[in-house]
Amino acid sequence: MEGFLTTVEMTFLGLAGGFALGILSALGDVYGTKLMKVVIAGYVEFFRGSPLIVQLLFFYFSIPALTGLNWDAFTAGAVTLMLNSGAYQKGYFKGAIEAVFKDQLMAAKSLGMTFRQTLRYVVLPQALRIVIPPWTNEYISLGLSTSALIVLGIRELTNISKSIAAQTFRPLEVYLFASAIYFIWITVSMKIFDWIYEKVKIPGLEVNI
Amino acid sequence: MGEVVLACEGLKKRYGGLWVLKGIDFEIEKGQTKVIIGPSGSGKSTFLRLMGLLEPPTEGKIYFEGKDVYGSGLDLNMIRAKIGFVFQEPSLFRHLTALGNVKLGPKVVLKMKDDEAERKALEALKTVRLEEWSHHYPAQLSGGQQQRVGIARALAMDPDIILFDEPTASLDIELTWEVIDVMKDLARRGVTMLVVTHELGFAKEVADEILFMDDGRIIESGPPEELLKNPKTPRAREFLRRLIGGV
Amino acid sequence: MFTLENFLFLLQGVPNTLAISFLSFALGFALGIPTAIVKQFSPYGLGYVADAYISIMRGIPVLVIMLLFHFGMAGIIPMFKSAFLSATFALGLRSGAFQSQIFRGAINSVGRQQMMAATSLGMNRWQAFRYVILPQAFIVALPGLGSEIALLIKDSSYAFVLGVLELTKYSDIVRKATRSFLYPYLIAAILYILITFPVANYLDRLGSRLKTKYGLR
Ligand SMILES: Nc1ncnc2c1ncn2[C@@H]1O[C@H](COP(=O)(O)OP(=O)(O)OP(=O)(O)O)[C@@H](O)[C@H]1O
Ligand SMILES: [Mg+2]
């Protein structure tokens, strides 16, 4: 059970960090300089093109080697999840910003809004709403990929199940039970997200996520 | 006179709570061309889809060559194969060339051998004057050409009747002519045709009868000269006045 | 130090990574099309079975399925004594669910009018599906299938946890042997990118090209 809590905790850490990184890099990609765009493209390609497991191992081992900094598996895992999720979330945000951007920017300009005001009051509120469905998918896929944290020895649900399976010699029951927990968790969360989406769909209301 | 190819009796159709067809009696004989006109929403397309066995009626009977289509356990697909259908919307199979489109029915439904189906298809494409376009994909053809391939696709099945649902409604005027010319040819060659169209020139030249539909019923019918010049019902008079005046 | 020799050693993991990915893709394809068809026609009310299969595969980590197969079911199904086959079947099973979703979307995008045109020629539902709907759906599905292959190549790395000697496992071996903490994983990551990118990109471009050619959306 404590394993499940770690799983959920990691998912939310990854999502939250990825959310910030995703928005920033989406904005950077749409409005930034050439150099920023190249850096962001490289960032996204690295994290979307390679497996999460390899990324986890890479960061966990290379950062101490490079900087002399010692970090524990939990921090390494959380940071990697954030970076990974940010790369995916960037795509959703960019799509959403562009979708809103095209029709709305002119209208905002004609009202005499500054760039920041336009972003704050026009682009983002709409973009955030558009982004909820893909964001639900990201939540699911990130939630499930936290099982990769097993390679750093983090005691999340999959890892704990593996230990219990080894101790009890009842792997079939243990893994079926773990599957059920994951399944219920994901299904319930999906229902909640759908519900939120229905709520905020009302036009004209600002969304806070 | 000739034998009746397609007929219906007391035909009704309901979508949800809406009666779209409210009782239609109709028949067409071998070699005849009949034209249906009527305002938008009067149920013309629905009537044609029912006669083409693409949807079942809510009430009433449909007869194909004297046999009650839904009443006697017939294989509907075998009858559909004998009733050609040309749609208003582009409905060529987009992954197949013109030839592929025309060939598919004879091959898959009539179980012809490949070369036999191909011969049949080329002949049909020739009838619609498109033999040199046979290797083009629908996306590479104009709207008029696409509709003519659609006609060839129906022809290649050797149908006993072809139903046309406003085949030129979404075409530019010049493209309309090329399609209408082909259809006139067919009518003159004795192909049995039931056509929804507002091309009155076509109706005048080749139709044996015009049917005026309004609100789910055929409220007036007669030979073209008569119905077009002296419509008896006020609805038909009003409709024709607008149709001709509007052009 | 990380040497050329280490690099060549690491490359030996690539064949297994490719084998897992492509075999599981093939398995997923073989499962995905029938599942999409079952969902489409729901013969004998079997649509529910397809739904259940899809949502279960969507709700459980593929790693847990691998562990379940390899450690939990090897006694029942001898094939799962092999870590390689457990990983491949777990990925393939999940991919079947994902691919069926891709095909479903593609089938729906082909549209009613095409079905009606096929019916008007006297085709039965199966013929219409086989000769008219499916070929077009397949083209529409290509980009989605490309992403699915890329996903499988990346997720084949979960087989590392079962000890399969694939790319990630090899990079881990190299890291332990050389005590080089930076390069083995970095190079593995780059290799993964080099493998996934061309496949996904090719199918994506092929898809758009064919869609333009055939006027599909
Ligand atoms: N599949 C359907 N489901 C529900 N309503 C339908 C359906 N098909 C047609 N209708 C309704 O039936 C009525 C008649 O439609 P139909 O297409 O037969 O008219 P029409 O005479 O062909 O018109 P038009 O000239 O615009 O093509 C319309 O009110 C339409 O909305
Ligand atoms: Mg109509």
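How many helices and strands make up the secondary structure of chain C? The count comes to nine helices and zero strands, where helices (H or I, at least four residues) and strands (E, at least two) are DSSP runs numbered from the N terminus. Read along the sequence, the pattern of chain C is simply α-α-α-α-α-α-α-α-α. Taken along the principal axes, the C-alpha atoms of chain C fill a box of roughly 70 × 45 × 20 Å.

This is a predicted model, with local features needing pLDDT of at least 70, side-chain atom pairs counting only at pLDDT 80 or more, and totals for chains, interfaces and linings using all residues. Residues are numbered from 1 along each chain as its sequence is written, chains are lettered from A and ligands numbered from 1 in the order in which they are written, and side-chain values use heavy atoms, with hydrogens and water left out.

As for how the chains meet, two pairs of chains are in contact, and chains A and C share the most contacts; contact here means heavy atoms within 4.5 Å. Chain A and chain B, on the other hand, do not touch, and their nearest C-alpha atoms are 28 Å apart.

Next come the helix pairs. Two packed helices are described by the angle between their axes and the distance between the axes. In chain C, the axes of α6(C) and α7(C) come within 9 Å and cross at roughly 140°. Axes are lines fitted to C-alpha atoms, for helices over the stretch in contact, and angles run from 0 to 180 degrees between N-to-C directions. The helices α6(C) and α7(C) are therefore oblique to each other, since angles under 35 degrees count as roughly parallel, over 145 as roughly antiparallel, 65 to 115 as roughly perpendicular and the rest as oblique. The crossing of α6(C) and α7(C) is right-handed (left-handed if the near helix is turned anticlockwise from the far one by less than a right angle, right-handed if clockwise). On the α6(C) side the contact is made by C:Gln114, C:Met115 and C:Ala118, and on the α7(C) side by C:Arg125, C:Ala128, C:Val132, C:Ile133 and C:Gln136. By class, this contact has five nonpolar, two polar and one charged residue; Ala, Val, Leu, Ile, Met, Phe, Trp, Tyr, Cys and Pro count as nonpolar, Asp, Glu, Lys and Arg as charged, and the others, Gly among them, as polar.

Over in chain B, the axes of helix α5 (residues 143–155) and helix α6 (residues 173–188) come within 8 Å and cross at roughly 20°. That makes α5(B) roughly parallel to α6(B), and their crossing is right-handed. From α5(B), the residues B:Gly143, B:Gly144, B:Gln145, B:Gln147, B:Arg148, B:Ile151 and B:Leu155 meet B:Leu175, B:Glu178, B:Val179, B:Val182, B:Met183 and B:Leu186 in α6(B). Sorted by class, seven residues of this contact are nonpolar, four polar and two charged.

On a 1 Å grid over the protein atoms alone, a cavity is a set of points where a 1.4 Å probe fits but cannot get out, and a pocket is an open set with protein on both sides within 12 Å along at least five of seven lines; lining residues have an atom within 4 Å of a point. The largest pocket has a volume of about 1400 Å³, a volume being the space filled by probe spheres set on the points, with grid points joined across faces, edges and corners. Of its 47 lining residues, A:Tyr88, A:Ser141, C:Ser147, C:Leu151 and C:Lys154 are the closest to the centre. The lining of the largest pocket divides into 24 nonpolar, 14 polar and nine charged residues.

The second largest pocket has a volume of about 420 Å³ and is lined by 17 residues, with C:Arg112, C:Met115, C:Met116, C:Thr119 and C:Arg125 nearest its centre. Helix α6(C) gives the most to this lining, with four residues.

Two cavities of 30 Å³ or more turn up as well. About 60 Å³ of space lies in the largest cavity, and α5(B) supplies the largest share of its lining, four residues. The second largest cavity holds about 40 Å³, and its lining includes B:Arg80, B:Phe85, C:Ser120 and C:Leu121. Of that lining, seven residues are nonpolar, two polar and one charged.
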